[in-house]
Amino acid sequence: MAKNSTNMPDGSLVSGESDKKNGKKLNHFEISHPTDLAAAYHYDKVVGVIKKDTSERSDAEIHQIISWFKKKSDLFNQLNEKIIHDLIKNCSFTTVDRDFVVIKQGDKGDCFFIILNGSVSIHISTTSGYEDERKEGGSTEEQDDKGKKEEGKPKELNRSKFGKYVGKIVSGKSFGELALINPDCIRNATIIADETTDLIVIDRELYNRSIHSFHTKEFEERKHFVETNPLFDGWHPKDKRQLAMSLRKEKLTFESYIVKQGSPFDGLRFILNGQAKLYCDPHMHSIQYPDYYPLPDVDELEKDQVRESLRRELGLDTHSHNKHDGYKPLVTNLHKLSTQDTEKSGTRSPHQHHIELCLICSQELIGDMEVAMDLDTYSYTVNCIQETDIYVLDQKNYERLIEKRNPKVVEKIRSSVLEKFSLRLSWIQDKNDLHLFRYLLYKIEESRRQKKSKKKL
């Protein structure tokens, strides 16, 4: 599956690598706004305010930049203006260079960070005694000048000693909150700057006064979600806690897309409340999944399966009809769209042939078909028809917590997909319009039948 984005244990969004232009590495702000002079002006204005001593930040200038913070920061967008004013008034500002160790796993934490500009990487070690890298890195929590570049070529940091790379956190996102929520205050991951990065630093006193209750409540909600979701029944408490830490909450407005058909699979989405419409363009499927095409006729496959079942029940010789011994079931009406047919059908024009499957609401899982059949792009689009809250489990953490540690969840998802999509297809008048979904459901059923046959043997 395509690796597009991830989420750190603190619940922070992680996305792709930074780009280069004319041989010069660009920071995240420049990548997002290469020619937006107005945005650059506003950014300089914001930094100019928070670089001042706290006593010199006037209420008037703080009021002028509150809207900028609410727009650029996921955290600030969820807080009221009184709290935001307190945070801007009393936060600290720091800039670190590439390879600077902002947070070190295992240390105690007394602050958390919001990225104004730049990006950092997350590394998690599964061993307790890995080598201390402060000599090469350092920590902003010590509030020293180790983040400043020394004259001459800096020594390249050996990041592998900090554990496995989990992903990247970009501007607008925060990290390090959990050390302030947890009683032990221990950092769960190492955070290393990937480029020159501007950070807001919120110390414990300011955190406790302004947003501790907000973060604590939000984390308790995530834990409750994990504990009550049947997908995660039987998990080790440690895995459940890590899953709760890895979930990221998003609030989506009317007509926002949760996922778009054809986009790379980048994780699971759980709808908490609200409502969305699930639909697809069948003509795109042959382009998305060429290995499945031409598709066999599912009706013929099902008839052949019935014949095989009858032969087994009657005790007839099925050896010559066993597809594992070279037998291929009768396949008719092969379903394949050529490039020319696809263009005629409107896949590459504004008049796409969308079929609405259903409306979905709370407790719905998005990305389940992709997990069940190991698809690398989303096979459908989900569009909000009202304000909707979701939890996102990015791909990195899905692979780490589900595929590797709790693979039985994948089988639960397959069973759910078989049940849900069978029902959804029963509502469609012409099921052949959704030939791929019919075939994928057949594949799931066939896999289950083969497992049952092996158990009997």
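Start by selecting Asn-80 and Lys-82, at the start of helix α4: a side-chain oxygen of Asn-80 comes to within 3.1 Å of the backbone nitrogen of Lys-82. Helices here are DSSP runs of H or I with at least four residues, strands are E runs of at least two, and both are numbered from the N terminus.

Before moving on, a word on what you're looking at: this is a predicted model, where local features need pLDDT of at least 70 and side-chain atom pairs count only at pLDDT 80 or more, while totals for chains, interfaces and linings use all residues. Residues are numbered from 1 along each chain as its sequence is written, and side-chain values use heavy atoms, with hydrogens and water left out.

Now select all of α4, residues 81-90. Which of its residues are buried? They are Ile-84, Asp-86, Leu-87 and Ile-88. (Buried means under 20% relative accessible area, exposed over 50%, and partly exposed in between, using a 1.4 Å probe and protein chains only.)

Contact means heavy atoms within 4.5 Å.

Next stop: Leu-359, in strand β17 (residues 355-360). Leu-359 is partly exposed, at 46% relative accessible area. Pick Ala-276 too: it sits 83 residues away from Leu-359 in sequence, yet their C-alpha atoms are 5.7 Å apart. Leaving out residues up to four places away in sequence, Leu-359 touches Gln-275, Ala-276, Lys-277 and Ile-385.

Most residues other than glycine have a negative phi, and most peptide bonds are trans. Go to Gln-363, in the loop between β17 and β18: Gln-363 isn't a glycine, but has a positive phi of about 80°. Gln-363 is also exposed, at 66%. Then try Asp-374, between α12 and β19, with a positive phi of about 55°.

Finish at Pro-294, in the loop between α9 and α10. The peptide bond from Tyr-293 to Pro-294 is cis, with omega near 0°.

Technical notes: A polar contact is a pair of N or O atoms within 3.5 Å; within protein, one must be able to donate a hydrogen and the other to accept it, and residues adjacent in sequence count only if both atoms are side-chain atoms.
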